[in-house]
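Please keep the viewer open as you read.

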Amino acid sequence: MSTVLTPELSAYWDEPDSFTLDAYRRNGGYQALRRALALEPDQVIQTLKDSVLRGRGGAGFPTGVKWGFIPQGDGKPHYLVVNADESEPGACKDMPTLLNNPQALIEGIVIAAYAIRADLAFIYIRGEVLHVVRRLHHAVAEAREAGLLGQNILGSGYDLEVVVHAGAGAYICGEETALLDSLEGYRGQPRLKPPFPAIAGLYAAPTVVNNVESIATVPYILFNGADEFTKYGTEKSKGFGLFSLSGHVTTPGQYEAPLGTTLRELLGLAGGIRAGHRLKFWTPGGSSTPLFTDEHLDVPLDYEHVAAAGSMLGTRSIQLFDETTCVVRVVLRWIEFYQHESCGKCTPCREGSYWVVQMLHKLEQGEGSEADLEKLLDICSNITGRAFCALGDSIEAPVKSSIKYFRDEYIEHQRRGGCPFDPAASTLFAMEPA
Ligand SMILES: Cc1cc2nc3c(=O)[nH]c(=O)nc-3n(C[C@H](O)[C@H](O)[C@H](O)COP(=O)(O)O)c2cc1C
Ligand code: SF4
């Protein structure tokens, strides 16, 4: 069978010792670092710019450009901070990467830190995933023992220490400036920007914050060259990435493929929607991105095409829901999450998320009216653009898109005086239809 897959990060995840330094080296690991250390730091930054790698943490900002913002010769310490807080509903690519291939991240960290002239790097990981935290500590220790971290790395004269820091478990600490506050020991709340972290980040020093997958992709680019990376993907969305399929799909999991691959192609590899059912709606990039339906199966999953179709590529967290699912209930669950995770710093998000949950509850229980739908949309539009950070802006996306595509379903709740769906039918362990 022909395949669109491009397994690079995930190439040997099925080897039983894939997470060890031995396995990583056996599969060519740490050769990119030798190449990088033979270049000048600015040449490494240029290679990243040439690759047009766009940050894999959601916003898609070009990684090489971000590194290039770090002022040089400023006499200040520089820091690299890896964002491993992955907490958004549906997002599940960074934790498997850290479990299966932590050395790719560590090699990428050394290359990135060398490029921005940092001698201290941090990995900020969400604290609840204790097994991943342990694996990461083990991987850092292995790399250090082998002389791949610490002093005079591979005899180059370059020194780097890496600190693994476990957060206490708050979605907002994935927002890069809240993450920096948390890392400094403060309550994790977003900072006013500008100044951006590249100018005043950790301890007010120039700092690059990058996602796990962004940094773990760096060794591939340094080893194979920028041109090899840009062969994949589409005009402005280069390379490949992990697409995480979850929900009502026959074979959920990570599918590493070029940007621009469609959901129809991915479902072809994943065995389709679970047997006997059909696709109803899906998120292209996690719960903070507007919903798509089966009309969007052929949208190329890159930044530009997804935006043109009315959503966002985000973290390629594809949550799939079949016809047994109540869209009102799903959206309510997501907004309950945002309400719970709202840090409370600004009024539109702190109060607005609470209101939106109340209204969705009412609508889900069949006690709402059509006028309530308009009120709901009005509240959402008053949060977007007025909130202090992107968490607040995320609230409108699922609400507005679900009303756009499934207004009748909201009305049906009101007509019936309750939810028309059997919640048990949408569970993954539900009996298949006879
Ligand atoms: C509420 C919120 C949560 C976020 N969570 C994460 C996260 O868990 N991991 C991540 O890499 N980026 C997350 N981001 C995006 C980061 O702020 C930042 O853009 C990203 O780490 C930059 O890395 P990149 O350029 O490599 O994509 C989050 C943003 C917001 C607003
Ligand atoms: S938008 Fe929400 S999470 Fe962001 S600062 Fe305001 S209250 Fe905090």
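Predicted model: local features only at pLDDT ≥ 70, side-chain atom pairs only at ≥ 80, totals over all residues.

Residues are numbered from 1 along each chain as its sequence is written, chains are lettered from A and ligands numbered from 1 in the order in which they are written, and side-chain values use heavy atoms, with hydrogens and water left out.

Helix 6 is mostly covered, with 14 of its 14 residues buried (under 20% relative accessible area, with exposed over 50% and partly exposed in between, using a 1.4 Å probe and protein chains only). After helix 6 comes arginine 117, whose phi is positive, near 60 degrees.

Now for packing. Two packed helices are described by the angle between their axes and the distance between the axes. Helix 13 (residues 327–341) meets helix 17 (residues 396–416) at an angle of about 135 degrees, their axes 9 Å apart; axes are lines fitted to C-alpha atoms, for helices over the stretch in contact, and angles run from 0 to 180 degrees between N-to-C directions. That angle makes helix 13 oblique to helix 17, since under 35 degrees counts as roughly parallel, over 145 as roughly antiparallel, 65 to 115 as roughly perpendicular and the rest as oblique. Residues making this contact (heavy atoms within 4.5 Å) include Val331 and Trp334 of helix 13 and Phe406 and Tyr410 of helix 17.

Helix 17 also packs with helix 15 (residues 370–383), here at about 170 degrees with axes 10 Å apart. Helix 15 and helix 17 are therefore roughly antiparallel to each other. Among the residues in contact are Leu373 and Leu377 of helix 15 and Ile403 and Tyr410 of helix 17.

Next, two buried residues. Asparagine 83 lies in strand 1 (residues 79–84) and counts as buried because its relative accessibility is 14%. Its C-alpha is separated by 5.8 Å from that of asparagine 210, which is 127 residues away along the chain. Leaving aside neighbours within four places in sequence, asparagine 83 touches residues including Asp94, Tyr124 and Asn210. Glutamate 364, in helix 14 (residues 347–364), counts as buried at 12% relative accessibility. With the neighbours within four places left aside, glutamate 364 is in contact with Val328, Arg329, Leu332, His413, Gly418 and Cys419.

Finally, the backbone. Most residues other than glycine have a negative phi, and most peptide bonds are trans. Where does this chain depart from the trans form? The peptide bond from lysine 193 to proline 194 is cis, with omega near -5 degrees, and another cis bond, with omega about 5 degrees, joins proline 194 and proline 195. Proline 195 sits in the loop between helix 8 and strand 4. As for positive phi, tyrosine 30 has a value near 70 degrees and is buried at 4% relative accessibility. Arginine 316 has phi near 55 degrees and is buried at 0%.

Key. Helix = DSSP H or I, 4+ residues; strand = E, 2+ residues; numbered from the N terminus.
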